[in-house]
Amino acid sequence: MDATRVAVVGYGGAGRGIHARLVREAGLRVTAVVARDPGRRAAAQEDWPGVRLHDDLDSLLADGAERAVFDVVVVASPTALHTEHALAIAAAGVPFVLDKPIALTAPAAREIVHAAQATSTPFTVFQNRRWDPEQLTLRSVLDSGELGDVHTFERRWERWRPVPLDRWKENDPAGGGLLLDLGPHLVDSATRLFGPVRSVTAELRALTTRTEDDVFLVLHHETPSSGTDVVSRLWAGSVVGAPGPRTRVLGNDGAFVVTTFENDASPFEVFDRDAPEGTEGWITRGHERTPVRRAPGGHADFYRAVDRWLTADGPVPVDPADAVRTAEVLDAARVSAAEGRRVDV
């Protein structure tokens, strides 16, 4: 069977560095790219011989014959363009994958979902961190019941980057910043594990960039049937010389700790020096600690799920309604930071 064919809108750090790389790993094939920059167009031709190149999304969608060379469009353009691009693709009726966040605000996110529903256009959202081995391992730990009743979830996405990168993510107040870059991953992880959010408290600061590069969120989840309230504390920072433990989950029978993340430098990496091969975190109880074996999985599994969704009537990899709820949490976080109060979602 021929590989599923992918058109990628934007061939920069996300389009080439993440999406195209995972598409290849999953066995799919890029057949069209939208990019104006000569260097990025040359990179696409080098990566995918015979690829069709387009200056803009309109030219990709306008020609029916041209549309016959791809099965799905991946939108990896800057966040501020997501709504415009998604609405155009939905109007054309072409299945698409939309990078996170799907829009700048929750109302815009809902507009995209409604537009896709109106034209019966299949679409999903690139929440690749659902397939992190760390996330999958934590899910198995929670399912095992080893922690007892969980009351606190903490996750840090902290970096030591005192000189910011010169990118739109750092320089564009309309769409840049860590709240919209890393916030969707952090919030999606928390809600997947512990359910809907009822209220948010947030602190946002811009220390070295035009947009926020220091983010702290406290999510109060809806009380589950077990009766135990769960609070998620989420950090994202670029000017952190001593990144904290990546993940800490606290329950009345113990804790789960992941000390480091994707080889980022951390003073806590000493914790893992005697870890057995294949360890992904620890169950801890005071001085006691037990290694936890890494669950199988990886980010390319998202595109394998996309392939099954498109070709074998598989389930949608990520329900767009989840992305709308995440956008609602992020909107509430902005209000909370601006007004200095806890905000209901």
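## Basis of the values

In this predicted model, local features need pLDDT of at least 70 and side-chain atom pairs count only at pLDDT 80 or more, while totals for chains, interfaces and linings use all residues. Residues are numbered from 1 along each chain as its sequence is written, and side-chain values use heavy atoms, with hydrogens and water left out.

## Helix H12

Helix H12 covers residues 320–339, where helices (H or I, at least four residues) and strands (E, at least two) are DSSP runs numbered from the N terminus. Its 20 residues reach 29 Å from the first C-alpha to the last, close to the 28 Å expected at 1.5 Å a residue, the expected span being 1.5 Å times one less than the number of residues. At the start of H12, the backbone nitrogen of Ala321 has a side-chain oxygen of Asp319 within 2.9 Å, and just after the helix Gly340 adopts a positive phi of about 65°.

The buried residues of H12 (under 20% relative accessible area, with a 1.4 Å probe and protein chains only) include Ala323, Val324, Val329 and Leu330, and also Asp322, Thr326 and Ser336.

## Nonpolar cores

A nonpolar core is a set of buried Ala, Val, Leu, Ile, Met, Phe, Trp, Tyr and Cys residues joined through side-chain atoms within 4.5 Å. The largest has 56 residues, and those with the most contacts inside it are Tyr11, Val30, Leu60, Val73, Phe96 and Tyr303. Helix H6 (residues 106–118) gives the most to this core, with 6 residues. Apart from it lies another core, of 36 residues, with Val141, Leu142, Val230 and Val249 among them.

## Enclosed cavities

The structure holds 3 cavities of 30 Å³ or more; on a 1 Å grid over the protein atoms alone, a cavity is a set of points where a 1.4 Å probe fits but cannot get out, and lining residues have an atom within 4 Å of a point. Grid points are joined across faces, edges and corners, and a volume is the space filled by probe spheres set on the points.

The largest cavity contains about 120 Å³ of space. Of its 15 lining residues, Glu170, Leu178, Thr209, Asp213 and Ser238 are the closest to its centre, and helices H8 (168–171) and H9 (178–181) are the elements that give two or more residues to the lining. By class this lining has 2 nonpolar, 5 polar and 8 charged residues, where Ala, Val, Leu, Ile, Met, Phe, Trp, Tyr, Cys and Pro count as nonpolar, Asp, Glu, Lys and Arg as charged, and the others, Gly among them, as polar. The second largest cavity holds about 80 Å³, and its lining divides into 4 nonpolar, 4 polar and 4 charged residues, including Trp157, Arg246, Phe261 and Asp264.

## Open pockets

A pocket is an open set of grid points with protein on both sides within 12 Å along at least five of seven lines. The largest pocket has about 1,000 Å³ of space and is lined by 46 residues, of which Gly13, Ala14, Gly15, Ala76 and Trp168 lie nearest its centre. Helix H1 (15–25), helix H5 (82–92), H8 and H9 each supply at least two lining residues, and H1 gives the most, with 4 residues.

The second largest pocket, of about 490 Å³, is lined by 21 residues, with Thr260, Phe261, Glu262, Glu280 and Arg294 nearest its centre. Strand E13 gives the most to this lining, with 4 residues, and the lining has 6 nonpolar, 7 polar and 8 charged residues.

Note on methods
Buried means under 20% relative accessible area, exposed over 50%, partly exposed in between (1.4 Å probe, protein chains only). A polar contact is a pair of N or O atoms within 3.5 Å; within protein, one must be able to donate a hydrogen and the other to accept it, and residues adjacent in sequence count only if both atoms are side-chain atoms.
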